[in-house]
Amino acid sequence: MKSFIRQVLEKLQESKTPISNYTFVLPSKRAGAFLLNELSQLTTKTIFAPKIYSIEEFTEEISGLKSIDNTTSLFEFYEVYQKLTPKEELESFETFLAWAQSLLHDFNEIDRYLIEAASFFDYLSDIQDVNHWSKQNRTELIENYLKFWDKLPIYYNALQENLLDKNQGHQGLIYRVAASRVSNYATVHKNPHIFLGFNALNTSEQEIFQHLLKVGKAKVFWDIDDVFLNDAQHEASLFIRQYLKEWDYYQEYPEKPGIKEYATEKNIHITGIPKNIGQAKHLAEILSGYSDEELAKTAVVLGDESLLLPVLNSLPPNIKELNITMGFPLKNAPITSLFNNLFDLHTTSTSNYYYKQVIAILNHASLSNILQPYAHNFIEKIHKNNIVYLSFEKIKSAFPEELYSVIEACFKNWENKAQEALNNFQHLIFSIKPTIDKETNQLTLEFLYHFHTLFNQLETLNSSYPHIQSLTALRNFYDEIMSTQNLDFQGKPFKGLQLMGMLESRALDFENIIITSVNEGTLPSGKTNASFIPYDLKKANQLPTYREKDAVYTYHFYRLLQRAKNIRLLYNTESGGLNAGEKSRFLTQLVIEKQDKHYLTEQTISPQVPKITSSLKIVEKTPEIIDKIKNLAAYGFSPSALTTYMRNPIDFYYQYILGVKEQEEIEETVAFNTLGTIIHDSLEEFYKPLQGKILTKAHILKFKKKITSEVSNQFNKTYKSAKLQGKNYLIYEISKRYLENFLSFEQKRLTEEDSIKILKIETNLKSKINIFELDFPVFIRGKVDRVENCNGITRIIDYKTGKVNQNQIEIVDWDNLTTDYEKYSKSFQVLAYASMIKKEENLPLPVEGGIISFKNLKSGLLKFAKREKPRGGTKNHLIDEEIFSDFEIQLQKLIIEICNPEVPFTEKEI
């Protein structure tokens, strides 16, 4: 396969003019590098290299202006804006950024397409005026909006003058000036110019090309196949067909490129794959089957450049040489998240910092070698003490003096000063640098260096144009720059596999082509257009719209296929989620317009998903586990431990044998179990002094007066960093309401009952259980909420802040007591407390047990009951010797099962 560049060079060699005397102009620098490489292979003797320009470099050469980047353009524009705007109407730099970027893009378009600015802006202003035609109902906002459109030509002219005075220009201005000065350039430069690989030209480029053609100083080589050129409807030839038809030079000297490559034999495979990562993995499978010789003739073109990382991580081991044309986006570097986290912290916080933001910074991998183990210990303290907001002093006090500079750079108030932020970023970079291993983490050092240069650039710009005063402005501008910053890869540009974006493929040819993400919205990119100029006005002035943009992508796509022999086109079949969409119209077009010699196949593939058989966990009881169970038995099984085993034995194993508990999370909003603790502890404070005394209405009235102070006290004790605002304030009020309702319930009981004597409040209990089958001591222990004597009958009462119904504390079949957690866990707990008190206190029988549900106070005390039938039949609320005996049988049966070495811990399906 002969590339287009080689074909052009061979034609030029046939002419009398030496190659060294030509000036080559190509769409990109990369195409220029490939031209030099082809020339070195084609030439048999030593020659001087010809001048080679990218089109941007060439317009700079003609115009004599120095190009400035988009960032500098924004600052220059703001300088102009400040001079032209009264102080009382002046917007801050961050507000200016929101609209200036789009406007600069439009200025560029106007200049590149040589639009007469004054009449264009007048027309644009008139359109806006018509849109708000009502003179009577114009608000101040509408009037200011229309003033803005009137000012656009003033902004445009002033910016242009300002840049020309400094002999500088943004890209559009350089193109406009180059078009006006091309005749002077042609007079001075005698070398013939070769333009090759171009397609969609703006008006400035057309002026330059046509003038140099007219004066005999240029030759344009168009790379368009006859298949597309002869098809008047095909978008791939839209622009070139127009130039060959309309340019004056071609009227006098008609030309046909005469390229007949597309209709030759080609293997085209269209493959649909779910998700982007699927494309990366399938791409690796394809490449793994290529030899070194085939890889040297292969290009992977990423339709969606965000696929770069997944592709790099999926490359097969047979790829020894790789050249990556596109840069690695700096925003994807691991250290980027540290700077983003710091921006988030200082732009959202003032005096105290939110714990999640603090932990994200302290835990960042880039700082781990500096701050550990102090950061880990401090984070544990945050969790343990439930600290939601942290002051700088509190953070600083957790670290030794030698780390103060790093902690201050991260957490000391930046006082909303952009310079302070930049200084701190640079300090962090130089603090992190010595901790990085140069041998194993070279890429991290590269990232650090790029951020160092980026922050230097921001400092330089801010000293030249002191507009970035606030952190918000710096953040917005930083985000703007980061979107375009890339870390360039270094490789051998003409060896091995080529990995590039669609625009980098201009004027280049490869035998094997693999294109990814051939989906609508990616190839072509669709109707994305940030501009102040309406579609109709663009059409009227021949400015490019999304239609022309689609035609550009069509050309690039088909030009890649022209000389290729083996073509693989991959698209995402997923219709939902990010980067999803239907397959590109290009693929449908390929199928419908298939050439005779094209071998085309279509397939949809999906990854092999291994069958995963989920089985319930089983843990055999080893001697070590039995020893742990014996220790637990001697300490005492709690009712909650036993009900945990009833619910799921594997949870019992994790929590009580291994001691593995869920990580304690910081409660930003008071959790339900914390609410329960506050209620229980408040009632303990109220009732504890009454142990052994008769409860009276006077006591209740006294407690009611103390509700607010007691709840506040318990809130501060249990929920240490409580802020009584938002949801927490509502929960605080709910706690007070719960206590108020409970005490009213107590008043009602005192009216209905003759006498209530408080026997025990929040009392720890422990009693021995004699189990004949076990040769070691077994105890049961717990903390009973309340024991009272009501009219001579002892009652064991358990408080529940959640909702409990009467049927949840009734037993029908004893055999189900330890197996049906949902129905009988509440009954089990009440009977367990009653059993412990009976053994410890030798209480006269019968007794009663029950639950007071704070969400179901209207049902009163929910008494334990033994029912004859599930529905109907008599209910026995008294816990007598028979009940205790039946419960003891079930309790012993449960404990024997837990202690039995032959019965493994088996997970239950929940």
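At 0% relative accessibility, Phe451 counts as buried, a word used here for residues under 20% relative accessible area, with exposed meaning over 50% and partly exposed what lies in between (1.4 Å probe, protein chains only). This is a predicted model, in which local features need pLDDT of at least 70 and side-chain atom pairs count only at pLDDT 80 or more, while totals for chains, interfaces and linings use all residues. Residues are numbered from 1 along each chain as its sequence is written, and side-chain values use heavy atoms, with hydrogens and water left out.

Phe339 is likewise buried, with a relative accessible area of 0%. The structure holds 66 aromatic pairs, a pair being two rings of Phe, Tyr or Trp (its six-membered ring) whose centres lie within 6.5 Å, called stacked when the planes are under 30 degrees apart, edge-to-face when over 60, and tilted for the rest. Among the pairs are Phe198 and Phe209, which are edge-to-face, at 5.2 Å centre to centre and 90° between the planes. The rings of Phe339 and Phe451 have centres 4.8 Å apart and planes at 45°, so this pair is tilted. Because Phe339 lies in helix α16 (residues 336-348) and Phe451 in helix α23 (residues 442-464), the pair ties together parts that are 112 residues apart in sequence; helices (H or I, at least four residues) and strands (E, at least two) are DSSP runs, numbered from the N terminus.

## An aromatic cluster

One aromatic cluster is formed by Phe75, Phe77, Tyr78, Tyr81, Phe93, Phe96, Trp99, Phe107, Tyr155, Tyr156 and Phe477.

## Surroundings of Asn162

Asn162 lies in helix α7 (residues 140-165) and is buried, with a relative accessible area of 15%. Leaving aside residues up to four places away in sequence, Asn162 touches Glu76, Val80 and Lys83, where contact means heavy atoms within 4.5 Å. With Glu76 there is also a polar contact of 2.8 Å between the side chains, that is, a pair of N or O atoms within 3.5 Å, of which, within protein, one must be able to donate a hydrogen and the other to accept it, and residues adjacent in sequence count only if both atoms are side-chain atoms.

Val660 lies in the loop between α30 (649-657) and α31 (672-687), and at 46% relative accessibility Val660 counts as partly exposed.
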